[in-house]
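Open the model in your viewer and keep the selection panel at hand. Each stop below says what to select and what is there.

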Protein chains: 2
Amino acid sequence: MGCDFVVTHRSAGSNARTGLLKLSGLEVETPAFMPVGTLGAVKAVSAETVWEIGFRLLLSNAYHLYLRPGHQIIENCGGLAKFMNWHGAILTDSGGFQVFSLARLRKINDEGVIFQSHVDGSKHLFTPELSLSVQESLGVDIIMCLDDVRGYPVGESEALDALKRTESWAARTIAAKKKVDPALFSIVQGSMFPNLRRLSAEGLASMGFDGYAIGGLSVGEPHDLMVETIEATTPYLPWNKPRYLMGVGMPIDILEATIRGVDMFDCVLPTRNARNAYLFTSSGRVNIRNSRYRDDQGPVDSDCACVLCRNYSRAYLRHLFQEREILGLCLATIHNLNFYHRLMSDIRTAIKEDSLNSLLKLYLSQSEEIND
Amino acid sequence: MGCDFVVTHRSAGSNARTGLLKLSGLEVETPAFMPVGTLGAVKAVSAETVWEIGFRLLLSNAYHLYLRPGHQIIENCGGLAKFMNWHGAILTDSGGFQVFSLARLRKINDEGVIFQSHVDGSKHLFTPELSLSVQESLGVDIIMCLDDVRGYPVGESEALDALKRTESWAARTIAAKKKVDPALFSIVQGSMFPNLRRLSAEGLASMGFDGYAIGGLSVGEPHDLMVETIEATTPYLPWNKPRYLMGVGMPIDILEATIRGVDMFDCVLPTRNARNAYLFTSSGRVNIRNSRYRDDQGPVDSDCACVLCRNYSRAYLRHLFQEREILGLCLATIHNLNFYHRLMSDIRTAIKEDSLNSLLKLYLSQSEEIND
């Protein structure tokens, strides 16, 4: 199994750390954010643009690509990276969360998950082995084990069943793995029960994965409970392996998790927010549709050097959104991805300079500044 | 008044010619195609991309920008080119055709056109002077006179009334012009009546415009009648001024019009077709949604060096269209604009080499090859 990870700096005042993740000859500095390319495309931008912004690792989804266009087609085209013209590395989610959140008539047993496609209603059985095989076909760099995801809230015995199943599926994934190169990450479950999170983390850690994800969060629980659950998990994960918090989130969430020792993140937020006219700026998030920007000649963020902020006014971007011009979606997406890339860079610098608390305070002070 | 135009080569076997149009320090080789940026954006691509493809002149619309966001806002932002970050030249249509095709409850009298906005139902009076003033506010390089556009078919006396009104509006536009720099083009009308087209062309020509457009075509008439009408018009336009066929069209239409002495074109076809999954290729137009491309690893057009054809397979583009990914619209638009840019370059070369007929034959042979 293969991914090289080294912790390069430990924060003095918290569990935060910087690291270097080596994948396919590429180096990814952590903490890192992965843009989401669910269907083999980061929505509204090309892979070339994602690369130019500075990202080297992105996330895609085995569930979606298995259904459409089918992993075999992508394999025939030389794998997912070549299919989408991405020169960086790719992590694919296993489908556990997608089956939980998208599929219909879901039935879980120890073998796997029987579900109906959210696209055409067709019936499928997703097993740990099939999920692995799909991801191996796609030729990605980091494979996630299929997990049994539950909603919030859920009782302790249901949560225990789900984490045990997740653990046994993780073991089956190791056993079924054919390709040597891709790294294999397992996913910690246990809902919001600290004792179950510890049980899950220790159980998976003993099996020796290349990295460990924290799953089953961002499913409707309060923010503080999410943070507490992260805090109850990371101490039981191996220090020298990357920890990946799935599907999170807002800048403040990323900061809180970083402080608790998380290294990797993915979320649709920057791209989805962009398409809904929400732009992240150095002074808070703004909705560019607001009429105050109608005649505003300034850039969206004067601290930002992205193609949008260098070349276009707020008035122009607002006009594009008002008229539903596709270009507006593209420019806003580029801007928000730039913001997230800079955020992660700021976080890494703050860890090295032991100034993570001031960065946290800055974002806490901005969290109410949505002028919508 | 200002635009410099020289005919650089006359075709031996037809009325086709190449020329050089100098605008704002830029040189535009003719015959030229202008991409359409109706609302101050060429749909699905940035102005930077349009420039990179090679275009130096694009079209926008006074009617649309007057309604949204308002020409004053654009003027405050430094003019349309700066607003949309376009480093090339801009021609704006006057609104005559848009009022005819989009507005509701249209009433035309000698003063101007009273209409209700297609956006919000608000009532407006568009006069030749207002259209000019809007275009001067936008700071464009080529201003079009407001014209009285009629549908097809229309009786000869109605067509005569409309062309007389168009001529008197053109005279009022000259009289009202305040800015020296922009070039001013008038628009020949006369429906499909050769005698009226001649009357209109000679009347406008005697007033000394910087260029002459052929309007009132592509309004539902048969292809052959359109070509005959062009042929009945160009001989009566000044040889040393650019002739612009408005809103046309398919490659074959552009070729037919070029042979009859037209220098400039605009049409939504390459961009709109792109968004509808139709891609122009060197062997005809294809619909990339066709299931035959499901597993096709080849490029959309192996003769094309655009970003789509260099980096992506037909299978990937089809997947993007099947999933309604915005990136598909962007890549297809870039491809079709590249195709049109190359088409115009091929036409100019063919004029210089007196081989326009072989190019025409090639496109005639392809006109049925839509594999939909």
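**Stop 1: a helix pair**

Select Glu156(A), Ala159(A), Leu160(A), Leu163(A), Glu167(A) and Ala170(A) in H7(A); they meet Leu196(A), Leu199(A), Ser200(A), Gly203(A) and Leu204(A) in H8(A). Two residues are in contact if their C-beta atoms, placed from the backbone, lie within 7 Å. This is a predicted model: local features need pLDDT of at least 70, side-chain atom pairs count only at pLDDT 80 or more, and totals for chains, interfaces and linings use all residues. Residues are numbered from 1 along each chain as its sequence is written, while chains are lettered from A and ligands numbered from 1 in the order in which they are written.

Now show both helices whole: H7 is residues 156-176 of chain A and H8 is residues 194-205 of chain A. Helices (H or I, at least four residues) and strands (E, at least two) are DSSP runs, numbered from the N terminus. The two axes lie 10 Å apart, at an angle of about 10°. Axes are lines fitted to C-alpha atoms, for helices over the stretch in contact, and angles run from 0 to 180 degrees between N-to-C directions. H7(A) and H8(A) are therefore roughly parallel (angles under 35 degrees). Colour this contact by class: seven nonpolar, two polar and two charged residues. Ala, Val, Leu, Ile, Met, Phe, Trp, Tyr, Cys and Pro count as nonpolar, Asp, Glu, Lys and Arg as charged, and the others, Gly among them, as polar.

**Stop 2: two domains**

Select 4-267 of chain A as domain 1 and 274-366 as domain 2. These bounds come from an automatic or database domain assignment. The domain centres, taken over C-alpha atoms, are 27 Å apart. Across the boundary, 26 residues of domain 1 of chain A touch 22 residues of domain 2 of chain A. Which element gives the most to the domain 1 side? Pick H10(A), with five residues. That side divides into 15 nonpolar, eight polar and three charged residues.

**Stop 3: between the chains**

**Stop 4**

Finish on Leu317(A). Leaving out residues up to four places away in sequence, Leu317(A) touches Ile288(A), Val300(A), Leu308(A), Tyr312(A), Gly328(A), Leu331(A) and Ala332(A).

Terms used: Parallel < 35°, antiparallel > 145°, perpendicular 65-115°, else oblique.
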